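This briefing goes through one protein model, starting with one residue and its surroundings and ending with the whole chain. Please have the structure open while reading.

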Amino acid sequence: MAKYFDVHPENPQPRTIGNVADSIRSGALVAYPTDSCFALGAQLGNRDALARIRSIRNLDDRHHFTLVCHNFAQLGQLVHIDNDVFRAIKAATPGPYTFILRATNEVPRQLLHPKKKTVGVRIPDHVVTQALLAELGEPLLSSTLLLPGEEEPMTQGWEIKERLEHLVDAVLDSGDCGTSPTTVIDFSSGEAEIVRAGAGDTSRFE
């Protein structure tokens, strides 16, 4: 049965955020809000949670998972970024963008695209997500909470708890969340390729 954590959207209670972070460290799969929509999150090396995300979302091994970072120091440890790409990403973050880049050796192999050896990274502009990342002290393995056959993610924490009661371990809720997933930009070739137009403005990459 999933635990339910309700926090203030602008001043999330530190004790509650700490409890969610402790759950993640203990192996929990958590549904949490972001600046685009709800997502599924787990500790970076949690293979069981990774398998559960694949099952919940019906994903194949070519799906790009996202590593959600607190800041650029974390992001820079996970992916290779040249100067031009760094400037482009820096100008768009924090925000509702996911960037696909070549991964460093810090990223577990099971998270990589099998052929390209790439992974998604992002820095969200969301008070609650940032509080959780700061408390956790490490990036969060993440994937948009979009169920198979559905066109839009769920927006209500209570609905997620009801529908995924036995599939996730916890739900972190801070009120209504958006329905548009992140805009995905693939920089793995050195040039910007818009893979998915979502919550982030694509014009700066066109």
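The model is a predicted one. Apart from residues up to four places away in sequence, Leu75 makes contact with Cys69, Ile81, Val121, Arg122 and Ile123. Leu75 belongs to helix α3, which spans residues 72-78. The points below cover this helix, then helix α4, then the protein overall.

- Leu75 counts as buried because its relative accessibility is 1%, and buried means under 20%.
- Between Leu75 and Ala199 there are 20 Å in space, C-alpha to C-alpha, and the two are 124 residues apart in sequence.
- Gln74 also lies in helix α3.
- The relative accessible area of Gln74 is 11%, so this residue is buried under the 20% cut-off.
- With residues up to four places away in sequence left out, Gln74 touches Cys69, Gly137, Glu138 and Pro139.

- Helix α4 covers residues 83-92, and its buried residues are Val85, Ile89 and Ala92.
- These buried residues line one face of the helix, because they fall within an arc of 65° when α4 is seen down its axis.
- Asn83, Asp84, Arg87 and Ala91 are exposed on the other side of α4.
- The cover over the buried residues of α4 includes helix α3 and strand β5 (97-102).
- At the start of α4, the backbone nitrogen of Asp84 has a side-chain oxygen of Asp82 within 3.3 Å.

**The protein as a whole**

- The protein contains 6 helices and 10 strands.
- Its radius of gyration is 16 Å, close to the 17 Å given by the globule rule for 206 residues, so the protein is as compact as a globular protein of that length.
- Along the principal axes, the C-alpha atoms fill a box of roughly 45 × 35 × 30 Å.
- Of the 206 residues in the protein, 53% are buried.
- Taking contacts between residues at least 6 apart in sequence, 66% join residues at least 24 apart.
- The protein exposes about 9700 Å², and carbon and sulfur atoms supply 44% of that area.

Technical notes. Residues are numbered from 1 along each chain as its sequence is written. This is a predicted model: local features need pLDDT of at least 70, side-chain atom pairs count only at pLDDT 80 or more; totals for chains, interfaces and linings use all residues. Side-chain values use heavy atoms; hydrogens and water are left out. Helices (H or I, at least four residues) and strands (E, at least two) are DSSP runs, numbered from the N terminus. Buried means under 20% relative accessible area, exposed over 50%, partly exposed in between (1.4 Å probe, protein chains only). Contact means heavy atoms within 4.5 Å. The arc is that of the directions from the helix axis to the C-beta atoms. A polar contact is a pair of N or O atoms within 3.5 Å; within protein, one must be able to donate a hydrogen and the other to accept it, and residues adjacent in sequence count only if both atoms are side-chain atoms. The radius of gyration is taken over C-alpha atoms; the globule rule is 2.2 Å times the number of residues to the power 0.38. Accessible areas come from the Shrake-Rupley method with a 1.4 Å probe; for residues, only the protein chains shown count as cover.
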